Amino acid sequence: MRSYRTVLKFKDEDKYEARWQSILKACHQRCADRTFRVLEQNGSIFIKLGQHLSSMNYLLPLEWTRTFIPLQDHCPESSYEAIENMFIEDTGQPIAAHFDTFDRKPIGAASLAQVHLATMKDTGAKVAVKVQHPALKEWVPLDLALTRLTFSTLKYFFPEYDLEWLSNEMESSLPQELDFALEGQNALVTRDYFKMIKNSPLVVPDVYWGRKRILVMEYIAGHRTDDLEYLDSNGIDRDEVSAALARIFNEMIFGETPLHCDPHGGNIAIRPNNKRTGHNFDVILYDHGLYRDIPLRMRRNYAKLWLAVIEADEKGMRHYAREVAGITDNQFPLFASAITGRDYQVVTTSVVSTRSEQEKEVVSGAMGDGMLQELVQLLGQVPRIVLLILKTNDLTRNLDERLQTREGPIRNFLILARYCSRVVFREQMDIIRSHGSMLWPCNVLQRLGAWSSYLRVGAKLSLYEWYVFFRRIARLSPVGSI
């Protein structure tokens, strides 16, 4: 913060005008490098914080997000001996009592855990064994206390940068993420829910058994969504992957299942599947530690907020932003940019247009023009569930941008509009039911009106999706806006 304050003093001085952007970018990079080293050295929950920052490329300067990308995949590993001791402590038996084979070298390590390949005794099934870093049991309470102290100290010296809400959220979320038995339950709930959705490509590994610090799952391998060479070589259409991800996470936000709140690049994989109807790939979802239930009223207001955004209805946007998160008129421009990842002027015209390089520079440069302070204050006021929805938005937008699709963002907005319309229709049906029997003449007419309106919207969206699809097949330029 002190570096930024020092640099910002030079902004209005004429002699620095020509070099201002390069000075600011250098400050961004310098601060990002320092923060990266601190997060990496402290590990565990600090790496998890860095993983989220790496995906906020719509709000943070590119120097920050690029610097933190390595934290998504390259994390410290715990020794085999430490894992063996944890197995004995938690199950009363060594690793060899549970598995015929157990690879000593993990296939992946994250901030809170690492994964080993193993073979189950008796069945011979190949499994992925997720084990918590043993040191976390001792260090997490201290890390949380240190985080709380750090943010309290920051608030004391810089009251305008109050980040205590972040430490409060970490203290609420982390115990859930560290309970692997709960994670196993979350995984099964999500798997069963999406099995009921026709042609959904989502695959969630089955769970064999779990303890608080150990989770044994079906081994399903794939490649990261941003491995574009792998997708192209296997004939997997990037635009279809993007659309599939949009449907999966919109279903979680607007459907009747809890929301997966940590969909960064390391938690999602793609594999070919030519036997699947509608797609030639599977979307594999890992790490089910952090889920949240979205209250029905918030889900409905959030759907109406997005419909207002898509229609560029500023009055509607302001109304539902107040309903969803208590946003005032003064705070609204920043909140609109936060939920859409776009410049506010774009939000009030056509948010479905593709981001230009100029817009990226405007959003990135705004951090140095005071947006950081306003953003910190805003995020400290909104409900915690809204923070997690915003986090999920950031992460899924980041996934989509890395796919480098040909259709741009327009198809995903069409998918979003479809889900939002469904939420509004279901609310209308509930209101009609609350007025008495659905067979009453008045209710029958209202029901038919709601049905016809919903079907009209669906037909329009379907026609536009086909239009976008044929333009892509014909290799025409993406549609600029709806």
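**A close look at one helix pair**

A: Keep in mind that this is a predicted model. In the protein chain, buried residues make up 53% of the 482 residues. As for secondary structure, the chain has 19 helices and 12 strands. If you take its contacts with a separation of 6 or more, 68% of them are between residues 24 or more positions apart.

Now to the pair itself. Helix H10 covers residues 238–254 and helix H11 covers residues 296–310. Their axes come within 9 Å and cross at roughly 130°. Who does the touching? On the H10 side, the contact is made by Met252, Ile253 and Phe254. H11 brings Arg299, Tyr302, Ala303 and Trp306 to that contact.

The accessible surface of the protein chain comes to about 22700 Å², and carbon and sulfur atoms hold 55% of that. One nonpolar surface patch, about 280 Å², is made by Val444, Leu445 and Leu448. Leu448 sits in helix H19, which runs over residues 441–473. With a relative accessibility of 53%, Leu448 counts as exposed, because the cut-off for exposed is over 50%.

Conventions: Residues are numbered from 1 along each chain as its sequence is written. This is a predicted model: local features need pLDDT of at least 70, side-chain atom pairs count only at pLDDT 80 or more; totals for chains, interfaces and linings use all residues. Side-chain values use heavy atoms; hydrogens and water are left out. Helices (H or I, at least four residues) and strands (E, at least two) are DSSP runs, numbered from the N terminus. Buried means under 20% relative accessible area, exposed over 50%, partly exposed in between (1.4 Å probe, protein chains only). Contact means heavy atoms within 4.5 Å. Accessible areas come from the Shrake-Rupley method with a 1.4 Å probe; for residues, only the protein chains shown count as cover. Patches are made of residues with over 30% relative accessible area and no salt bridge: like charges are joined within 9 Å, nonpolar side chains (Val, Leu, Ile, Met, Phe, Trp, Tyr) within 5 Å. A salt bridge is a side-chain nitrogen of Lys or Arg within 4 Å of a carboxyl oxygen of Asp or Glu. Axes are lines fitted to C-alpha atoms, for helices over the stretch in contact, and angles run from 0 to 180 degrees between N-to-C directions.
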